[in-house]
Amino acid sequence: MTAITTPGKIIAVHLNYPSRAAQRGRTPAQPSYFLKPASSLAPSGAALERPAGTELLAFEGEIAIIIGEPARRVSPTDGWSHVAAVTAANDFGLYDLRAADKGSNVRSKGGDGFTPLGPVAIPVDGIGERDWRVRTWVNGELVQSDTSDTLLFSFGRLVADLSQLMTLETGDVILTGTPAGSSVVLPGDVVEVEVDAPRAPGAPTTGRLATTVTQGEAPFGDFGTGPAVDDLQRVEAWGSEAELAAAVAAGRAGASDAAGGAPAASAQPFELTDELRTAIDGVAVATLSVVLRKRGYHDVFIEGVHANRPGRRIVGLAKTLRFVPFRPDLFATHGGGFNAQKLAFDTVAPGEVLVIEARGERGTGTVGDVLALRAQVRGAAGIVTDGGVRDFDAVAGFEIPVFSQGPHPSVLGRRHVPWEVDVTIACGGAAVQPGDVIVGDGDGVVVIPPHLVEEVVAEAVAQEAEEAWVAEQVAGGASVDGLFPMNAAWRKRYEADRDEGGER
């Protein structure tokens, strides 16, 4: 291993992982960069102060490459030969100050301690530029994982590009971008980043680069741009609207007067209480569909999906995943590493239903045994896909209910590219938004907009009680004529029995 010396230049890449580009909704044609000061460096184990009056301090686990032989006007094929070592980095940033310097990130990413590096550097001798992996943990939970073979712009290309205008000198550091999973951390959180080469001899590793977040006390003065955030900054900092909503629900995000006001109203999540969940669990999808149709919701049934085992039910809030049709170039940039599919299954929350848009394409699998097991371990309430399921028999043996168009042995890349998570999707002809209530039984799956849930469920419960009474009368020999639906005479009898039963 190699000691890390203070670099003359620290250069960071904005977007470089397809998973992060998909999360941001834009894929750059060429790399772009910003500089970080040497005073922002920090060793492993150091504390990082979140400045007073700010709320959106975000981590970004990255692979840092360290220049060996100086590089000036080198080619992309020669760029890697100018790299001496690789280490772990954490490119911390304050979204509260993003607007301060119009994209240069001087203050938002240049603060003291905002660039932890280490703990050690790995010499690259005998290790290729595509052989590296970066992983990040927050409070012991893995939140980022990706590999350098997925990069939009390889390490050698970055070296070549930068060397067109400047000499990269020995010891200079390039932060090569962060994958999906970057989010906000709070005082008390511990963030760890590790870079390794698991396929290389001896599987060398940097060890974990640890940073503990603390709360600063010194306020900003009135002689410079102060911290300020808006709804867009909150969503981008946390990763998505759904992740922000989950953070609010968990008490990790909330109002901050010093940081510019309360979170977006859209971030206030609908709460599926235990009482409401129990009520929903007692009514049939068929009944819910009838009640929704009365309110003009005719296309909220997910067509063509069935439970992997008879008798399975699903009740939970939607987390969404979207696939787009297969195309070789898109699969090359979005199909590998910690892609959108893996991100969805690795971040689904307890009680959520993972709903997958596969465009009704059942000719390949959209989930298999490993990912289904991951969702089960995370406490997901179920999986719904309008595509196929691999390892169908194994998945059917799990506790987690899965609704799909049936089995198919082919892998994802036959027809699909994993594209994005936590967006509005179309599953089986129904629009599904993150946070919608998903209910499934033997008749299929229905989607209930959150603002309608309480009134729809209340009416459905009442309707099922009425239908149960009707069934009792039919079982006792009554004709359905005038009873189903009830005429005035039968309704009077029903209401009398209901009222009498209520008094008892």
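Modeller: A helix here is a DSSP run of at least four residues, a strand is a run of at least two, and both are numbered from the N terminus. The model is a predicted one. The largest pocket holds about 1,500 Å³ of space. Its lining consists of 46 residues, and those nearest the centre are Ala242, Glu243, Ala245, Ala246 and Ala247. As for class, 23 residues of the lining are nonpolar, twelve are polar and eleven are charged.

The second largest pocket may be set beside this description. About 430 Å³ of space lies within the second largest pocket. It is lined by 22 residues, and His14, Arg24, Arg26, Arg98 and Asn105 are the closest to its centre. Helix H1 (18–24) and strand E8 (93–94) each contribute at least two residues to the lining of the second largest pocket. That lining comprises seven nonpolar, eight polar and seven charged residues.

One further residue may be described separately. Arginine 73 is found in the loop between strand E6 (61–67) and helix H2 (76–79). Arginine 73 counts as exposed because its relative accessible area is 61%, and exposed means over 50%. Apart from neighbours within four places in sequence, arginine 73 is in contact with Ser163 and Gln164.

Key
Residues numbered from 1 in each chain as written. Predicted model: local features only at pLDDT ≥ 70, side-chain atom pairs only at ≥ 80, totals over all residues. Heavy atoms only, no water. 1 Å grid on protein atoms, 1.4 Å probe; cavity = no way out; pocket = protein on both sides within 12 Å on 5 of 7 lines; lining within 4 Å. Points joined across faces, edges and corners; volume = space filled by probe spheres on them. Nonpolar A, V, L, I, M, F, W, Y, C, P; charged D, E, K, R; others polar. Buried < 20%, exposed > 50% of the residue type's maximum accessible area, 1.4 Å probe, protein only. Contact = heavy atoms within 4.5 Å.
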